[in-house]
Structure formats: structure tokens, C-alpha cells
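Hi,

Here is the structure I promised to pass on.

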Amino acid sequence: MYDFTFLKPISKVVDIIGRVIASLSIIVGVLIMLTGEPINILIGIGVLFGGSIIGILFILNAQLVNLFLQIEENTRKQL
């Protein structure tokens, strides 16, 4: 009746995008903080936390899609 096979690859792509965003924000945040100026340290902390939170939200979204797909698959199984 319903075919959700296209959601699995989309979920994987969103998960990868989230991991890339989180990783890049950590790297960029640390590099900005290493310049040593006080304003850059604050900007680096903001990038570090802001980007990490956005990346984690992307990963969370992908995991929720996977969870809903697994629930939907288990409700279709015949005993």
C-alpha cells in the first residue's frame, strides 16, 4: 500500500550532513579561538556550540525518520 523506501537514503544523507556540520563547527570553532583575540574567542565559542547543536539536530531528525520507518515496518508484520 505505502512504499517508504525513498526515506531510508534521505535519512542517511541527512545523518551524514549533520555529522559534517557538527565536525566542521568543532574544527572551525577551535581554529577561530586559537587566534587569541578576546572577541574571536567568543565568536569561536558561539560557532562551536551553535554549529554542534545544529548538527546534532540534523542527526536527531535522521534518527527519528529511521525510528518511524522501523515502527511502520513492525506494524505491518503478520504474526
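Below is what I found, going from the whole chain down to one residue.

First, a caution: this is a predicted model.

The fold is quick to describe, with 2 helices and 0 strands in the protein chain. Its C-alpha trace spans about 65 × 15 × 15 Å along the principal axes.

The accessible surface comes to about 6000 Å², and carbon and sulfur atoms account for 75% of that. As for charge, there are 5 positive and 5 negative side chains, and the centres of the two sets sit 9 Å apart.

What about contacts along the sequence? Taking those between residues at least 6 apart, 65% join residues that are at least 24 apart.

Now for the one residue I looked at, Ser-25. You'll find Ser-25 in helix α1, which runs over residues 7–33. Is Ser-25 buried or exposed? Its relative accessibility is 6%, and the cut-off for buried is under 20%, so Ser-25 counts as buried. And which residues does Ser-25 touch, if you leave aside its neighbours within four places in sequence? Ser-25 is in contact with Val-47, Leu-48, Gly-51 and Ser-52.

Cheers

Key:
Residues numbered from 1 in each chain as written. Predicted model: local features only at pLDDT ≥ 70, side-chain atom pairs only at ≥ 80, totals over all residues. Heavy atoms only, no water. Helix = DSSP H or I, 4+ residues; strand = E, 2+ residues; numbered from the N terminus. Contact = heavy atoms within 4.5 Å. Areas by Shrake-Rupley, 256 points an atom, 1.4 Å probe, with all protein chains shown as cover. Lys, Arg positive; Asp, Glu negative; His and termini not counted. Charge placed at Lys NZ, Arg CZ, Asp CG, Glu CD. Buried < 20%, exposed > 50% of the residue type's maximum accessible area, 1.4 Å probe, protein only.
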